[in-house]
Amino acid sequence: MTIADLDQRQRPASAERTPVVNDFSITIATENGSGSQTANTVLLRSLFKMGIPVSGKNLFPSNIQGLPTWYTIRASREGFIARRLRSEIVVAINPATAIEDHQLVEAGGVFMYADDIKFNFDRSDLTYYPIPVKKLSADEKNPKLRKYMANMVYVGALAHLLNIQIDEIESALMYHFSGKRKAVDANMKVVRQSVEWAAANLTKTDPYHVEPMNETDGMIMIDGNTAAALGAIYGGVTFIAWYPITPATSLADGLNEYLPQVRVDPETKERSYAILQAEDELAALGMVLGAGWAGARSMTSTSGPGISLMSEFAGLGYYAEIPAVIWDVQRMGPSTGLPTRVSQGDLLSTYWLSHGDAKHICLLPGSVYECFEFGWRAFDLAERLQTPVFVLSDLDLGMNQWMTKPFDYPDQPMDRGKVLNAEELDKLGSFARYKDVDGDGIGYRTLPGTDHPLAAYFTRGTGHNERAGYSERSDDWMKNMARLGRKFETARSLVPAPIEDRVSGAEVAIISFGSADPAVVEARSRLEKQGLQTSYLRVRALPLANSIKDFIAAHQRVYVVELNTDGQLGELLRLHIPEYAYRMRPANWGDGLPLTARWITETILEKEG
Amino acid sequence: MTAPTTTTPAARGTNRIGLAKADYKGLPTTLCAGCGHNSISDKIIEACYSTDVRPEQMIKFSGIGCSSKSPAYFMSRSFAFNAVHGRMPAVATGALIANHTMHAIAVSGDGDTGSIGMGQYKHLLRRNVRMVYIIENNGVYGLTKGQFSATADVGQELKYAGRNDFMPIDLCLEAIVSGCGFVARSFAGDPQQVTALVKAALAHRGTAVLDIISPCVTFNDHDASTKGFKWGKEHEERINDFSFVMPQDEITVDYAPGEVKEVTMHDGSKILLKKLDKSHDPTDRMAAILRLEEAREHQHFITGLLYVNDAKPNLAELEHLGATPLARLPASRTRPSRESLAKIMAEMK
């Protein structure tokens, strides 16, 4: 049977249920380390290339091999890509979780399972498809490869049942294996055998199938960490120090992958960057501050535990006024917490990271597109404002695959901020590092090596006056802190503004941030279908924009939707806008998994009574 | 020891780049009168002046502690970064990779390096960042008024802290085992040796460690302490004597052949080592470790250049950096082209 034959095969006969086209979730339950990622991303990419809006989420354990892991693919003709609580189709390959997985299937759904899993299938609403995973992958003699190949059995069976185009599966394998024909052929052989077996042995009685669309034309698929790495590269990053931590490691991997491609002089082999794996996160931020101080565009990437360790240096960076970019790909804490699960729990601790009086600029990307955009903008802000800028992504954005429009090249030249050179110092005749010359709270700085007797200044975390001299005087201290306050107000006007969708006449509004966005977007559609119109404001940075107050003022009840246990954005909003605290209602949830539209919809409807 | 002689004419009272000694001075010290740290600051000035270091091409680094305050007291025309306790090596690493053309002198203390900063100290040496790392070692915490540091001697007694029962950490030994290519020990009260070692350290290719015993006149200067002045003067055992030769100098050294050991530095300059103790060869790493262990056994501290090896590339070399520092690269070198992004995007479609 050729590929063309497979695609022209007879559509399996469905029972008389109404067909469900391009609108379902698939959850695949396997064991960590079994190589199922290839199969899962190939399925995801096949649907994407058929023009169907999709998202893929890996729900994985903190483990290298053996613990259960799940991958969910959502196909949505309406373009909703948030996680679904339950899946219409569950593929159970891991016997250890089969009973649990069986309960996960949406009413009326499909349970496909490896036929050596024996238990009581007692749901009359489900369609059951046992598949001979071991038998169909038995041709592979290498036992390790056989285990990998076994995953392609469910790819073939799903392709047959859902009508996924086989040539798209082959193209996705080509993409995955970077065109290595041998690997593609070996996998395709199993896929074809599985398709043939399914055609001969399975009678389709479920309503789910896919049809080509053109909703993904021109789009790309990428994870947020790679997007962030590319953003930093096109932002002109020259120094990176980092320490491995899930879920931030792949951000450094992205830098290591793309920097050599675009930032090495092809003739001299000289690099226009340096990337160091530090001994820990303290050292990573110390190096970044040293490099930022010396004039390099400098960054680190970490997750919550690393942010905690960086606290002292964050305060130094704030008080000594040093540009730096720090990515926090958030995971579930406190402590080691759930290292492979998602949370938006670092908002407050990062905003106020340090002892003493300090508050930081935090950018809050809500999509992989914004991971790229904030990736380069963060450097402009850090150098303009001479301060550390944090970018709070999370595991869901950072490690999962998202479709997006391709990234746009930065639309403005780099802003290197207020830096004086030798000629300017000569003209000025004096230099005071921390003097507020322009009234925006931002002083002028010089870079080490500036060849002028006035250029040098003493950088310190101890009290200093506007000439950077050591000072324990109360008036110097207070003057300096007041200027830092003015600088923070300048920052408020420069950071990305919130995105608002005000619906006229709506009494109810939602405020949210970051990766909660897709679930909020879908929940608003569901609420509208239930007769509840909502406005929406997505916060994209701290300090909070003044316009948020007007937004809240225009609504009676404002639900603050976020993925953490303490309702941290809600706390911050109530603190900054106390006069409307009574209008804000917490809608926060923290279970380690991405938010679902269903939970948001039910929570709001319940509270609305 | 013979002072370097110069063939380059210079204005009276200036060095070869036309700067006076006063151009190297710092602010008045706020450390205790008689503190060994102040004489080290003076010798840093002397070394930089006489080797024509342009102050604007120097970065001074420090952590936290009495020692770490001292960069304010020398070379005010140099850039300075007083970091947090024990974490100066990271800041210096970042700054010196951002601008690898700068000279750097770091001043730390025994607590800043040997206790809170031990991890960063060892990783700095491992990376071989080109800088002079001076430890002003007095065995106590001065600023917090007299607790033991990790370099304090077993059995040492302090007025409030009592008796120390724990092994001292030898920061020179730690440097050698971490792969440091320039390890020396000196004594703050020996101005000639300190100046000569700082000069040599400035010419080293990577990190140069100078552990300088610098007695604390307030908390640790009693006769029983091996970090006190009296003890130091009585027990100091010089292992070599040398003179530092700038490459542009034509100098004749008044040393008999056979008594002189020549080591070529990365920048072409040479240090000439006169071995007072003929058994020590400073290019022999195992011998240096042995000497330190013997010294520990005999409760001696040996001064001079313990170990030198200029063969190991420094961090900037390992990172394949070009002549222009990363911090000074134009946007045309650091923001890749529009076409390159379009190509990456096309690959992801």
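**A close look at A:Met584**

Guide: Not counting residues up to four places away in sequence, A:Met584 touches A:Val558, A:Val560, A:Gly570, A:Leu573 and A:Arg574, a contact being two C-beta atoms, placed from the backbone, within 7 Å. This is a predicted model, in which local features need pLDDT of at least 70 and side-chain atom pairs count only at pLDDT 80 or more, while totals for chains, interfaces and linings use all residues. Residues are numbered from 1 along each chain as its sequence is written, and chains are lettered from A and ligands numbered from 1 in written order.

A:Met584 belongs to strand β23 of chain A, which covers residues 584–588; helices (H or I, at least four residues) and strands (E, at least two) are DSSP runs numbered from the N terminus. A:Met584 counts as buried because 22 C-beta neighbours lie inside 10 Å; the scale is buried at 20 or more other C-beta atoms within 10 Å, exposed at 12 or fewer, and partly exposed in between. One of the residues it touches is A:Leu573, which is eleven residues away in sequence, with 8.4 Å between the two C-alpha atoms.

Elsewhere in the chain, A:Tyr129 sits in strand β7 of chain A, residues 127–131, and counts as buried because it has 24 C-beta neighbours inside 10 Å. Apart from its neighbours within four places in sequence, A:Tyr129 is in contact with A:Val110, A:Met112, A:Ala157 and A:Leu202. A:Arg331, by contrast, is 202 residues from A:Tyr129 along the chain, and their C-alpha atoms are separated by 36 Å.

Chain A also holds an open sheet of seven strands in the order β11-β10-β12-β13-β15-β14-β21, with mixed pairing, where strands pair if DSSP finds at least two bridges between them. Because β11 (274–277) and β21 (541–542) of chain A stand at the edges with a single partner strand each, one side of each is left without a neighbour in the sheet.

Turning to the interface, 56 residues of chain A are in contact with 48 residues of chain B. On the side of chain A that touches chain B, at least two residues each come from several elements, including α8 (224–234), β10 (239–242), α12 (311–320) and β17 (458–460), but α10(A) gives the most, with ten residues. Strand β17(A) runs parallel to strand β2 of chain B (residues 79–82), to which three bridges join it, and A:Arg460 stands opposite B:Asn82 in β2(B).

Chain B itself has twelve helices and 15 strands, and 55% of its 349 residues are buried. Of the contacts in chain B between residues at least 6 apart in sequence, 71% join residues at least 24 apart. As a local example, B:Ala106 touches, beyond residues up to four places away in sequence, B:Phe61, B:Ser62, B:Met88, B:Ala92, B:Met131, B:Val132, B:Tyr133 and B:Ile134.
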